[in-house]
Amino acid sequence: MNTPQIAVFARLAKENTVPVRALEGQRTMISRTMHSLAYDSVHDEIVVNSPLAQAILMFRGDANGEEPPLRVIQGPRTQIQGTDYDGNDKMAFDDVHGEIIIPVAGNKVLVFSRDANGDVEPIRVLSGPDTQIRGSVRGHPLVGVDPINNLLIVGSTGGQGGGRDEGEGGRGGGRGRGALVIFDRTANGNAKPKAVIQGPHTALGGVATIQTYPPKGWIIAGSAGGSIGAWSIHDSGDAPPRWRIPVQQITGVAPSGVALDPVHKELIIASGGRNVLLTFYWPEIFD
Amino acid sequence: MRAGTSKSRSGILAVAVTAIGILFLFAVERQESKITSESALGSPRLVSIEELPDLGDICVSQPTTRSSSMIAALQDNNLFSAFQEKRVYASSQEGGQTGDVTRLPVRTIRDTYPIYSSVAVDPLRDEVVLQDTNLFGIKVFNRLENTPSDAEAAKPKRVIQGPKTLNEYNNGLYIDPTTGNIHSVAMDTADSMIVFPGGANGDVAPIRKLNTPHRNFATAANEEKGEIYITIQYPPKVMVYRKDANGNDKPIRVLEGEHTKLYDTHGIVLDVKKNLMFVGTWGNASDYKVAGTGKFYPPSINVYPLDASGDTPPLRVIQGSKTQLDWAGGMSLDPDNGNLYVANDVGNSILVFHGTDQGNVAPARIIKGNKSGLSHPAGISVDTKNKEVWVSNMGNSSATCYSLTANGNAAPSRTIRSAPLGRTSVKFGKPQAVAYDSKREQYLVPN
């Protein structure tokens, strides 16, 4: 965007509440198109892509202002590759096992140790025809991780699953034709998925991040019509979401990113289309 | 109990639940405010308190779009959302039905004030035009507007805003000096340049819409040749179109390639007298076609021949620690002397370079300091007719004006302010994602 930033708000912030701090500036190495980021609660760090520079950055948890990252993963050995439309804009973080999971061009998912720094090789590369991972030509698949139930969830958006290259208007991909491809967390190489949630009733698509709530085995992802849906890790085939919050229908804005706050039983939604953050109370998935 | 089966019971219980809820809210508020003395409610009897969802603001400002209107309506109704405790039960996979959870959001974070990304002066109408990249509008003010310190905000003469305008994340701005036509470049979702006639007002359709690549940033024009330039951040390039290009018209030429040193391209300005093109970069580099090619370079201002195309290297580069470049945004040029004015966003400064500068050079002048009123200056426009330079400040919803010769901690000669004095902007710019910091109970929101 005009000025990238990682703005930090108090949980109870409201309309026109000023951020408590913001990470920004040349030395931070952040850039526009940060379409996912994570908080490492074990090591108190922020993990985020630098999408235009094929890099992953790790900052102190309370980083502020023009603060450089603690570590930078970047270079030829990393195999990190973006696309023209998305750069390398998506990731997920496993704070139990200390791993960064990043989808890249060519229908690959790379896994790095959070300790990695510089030009390092990924510790695992999930890729191949048996994986059923399909990114679109101009965008990446999505990733989520359940570190307790040991699952890696890949949101396939390309090919049959939809995506920008199929005339979706360049916004979010999927639109109800994607798939959630579920692997063992440590799947490597041309591994087959454990299950695939796909079909006309799944209504998958539309959001750039996948979250999980391991204690209850939920997968939280985008659903058609600007909704957020909850699927079970035990679902497969043409499974509709168990729950759905029709965010766009309720508020008029489409969701683009999600985060969970289990302590307060809340779902946090970012809407890139309209410069808004919304918080929903959603006790059902946490109880 | 499935969703929707208890509507009648809910209606009957509404009054009782509301009364209990209000008493409960009073108790929670008292707890959070650390009021320890006994109040009119009587002596404390609660033995435990469960936090309720925050109710949000009840009063909101006038909405400007359909979406914000709906959000504002939600804020008005949020008092009742707290009592929608009705549980929705999940379906089984075999059941094939989805439980819809239709509670309203308990909190909303947004900025109701403009965030000004770019500025330009219309010499015909003696007006200042500002790009509001938050509310997706173009606001037009009298050039001599100077918002008094006791006023909440300046009133624009005209506002181009609404669904017909196609404004979305509007950033780059160019005003045709002979017609006053407003050229507006969208930096994200809209992937286009739209053109409004000078004097346009309200929710009006643009007279032209040129479809462009994704990630536009700035624009500039060569009036002598009838050409308009648009920078593309990534994959980095400079597109040159006929000035009247429309629809899917192709560019006349494109500057791109590894020798151009265009790394995360931003501002652009033309020196038609000297046949030069100045392009700002932030240094974020990679070839998306090749894995592992990412690099970070220092920011720079690259100077090219005006008609450069293809993989043409810059003639010279202004780059290095002495330059103080820090996410430089818009650039503008004084054609009388070739001086280059740079809106240095995170540096909170205006840098003035000689048009002939090269290498690691310090700016000839720097406007910076607590008197300057600068707050994340992102756009800049030299008004040669009135010997002034205008700056749009993303950080405080204002535009500030200085003498062309201003230097140091200079106070602005005039300020157009569209938010209460001293207010800091949320500075949202397409917050696509969010993460939750469970340690500090904070939201991490990237633009």
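**Close-up views of chains A and B**

**View 1. The contact between chain A and chain B.** In this predicted model, 92 residues of chain A are in contact with 84 residues of chain B. The elements of chain A that each give two or more residues to the side touching chain B are strands S1 (6-10), S3 (37-40), S4 (45-50), S18 (243-245), S19 (257-261), S20 (266-271) and S21 (276-281), together with helix H1 (247-251). S21(A) gives the most to this side of chain A, with six residues. Sorted by class, the side of chain A that touches chain B holds 45 nonpolar, 32 polar and 15 charged residues.

**View 2. A strand pairing that joins the two chains.** Strands of a sheet pair through backbone hydrogen bonds, and the pairing may be either parallel or antiparallel. Here S1(A) pairs with strand S30 of chain B, residues 442-446, in the antiparallel sense and over five bridges.

**View 3. Chain A as a whole, for orientation.** The secondary structure of chain A comes to one helix and 21 strands. Its radius of gyration is 17 Å, close to the 19 Å that the globule rule gives for 287 residues, so chain A is as compact as a globular protein of that length. Taken along the principal axes, the box filled by the C-alpha atoms of chain A is roughly 45 × 45 × 35 Å. Of the 287 residues in chain A, 66% count as buried. When contacts in chain A between residues at least 6 apart in sequence are considered, 52% of them join residues at least 24 apart.

**View 4. An open sheet in chain B.** Four strands of chain B form an open sheet in the order S21-S22-S23-S24, and the pairing is antiparallel. The edge strands are S21 (328-334) and S24 (365-367) of chain B, each of which pairs on one side only. On average, and with direction ignored, neighbouring strands of this sheet are turned by 20 degrees against each other.

**View 5. The pairing of S21(B) with S22(B).** Within chain B, S21(B) and strand S22, which covers residues 339-344, pair in the antiparallel sense over five bridges. Asp334(B) is the residue that stands opposite Asn339(B) in S22(B).

Definitions and conventions
Residues numbered from 1 in each chain as written. Chains lettered and ligands numbered in written order. Predicted model: local features only at pLDDT ≥ 70, side-chain atom pairs only at ≥ 80, totals over all residues. Rg over C-alpha atoms; globule rule 2.2 N^0.38 Å. Buried ≥ 20, exposed ≤ 12 C-beta atoms within 10 Å, placed from the backbone. Contact = placed C-beta atoms within 7 Å. Nonpolar A, V, L, I, M, F, W, Y, C, P; charged D, E, K, R; others polar. Pairing = 2+ DSSP bridges. Axes fitted to C-alpha atoms, helices over the stretch in contact; angles between N-to-C directions.
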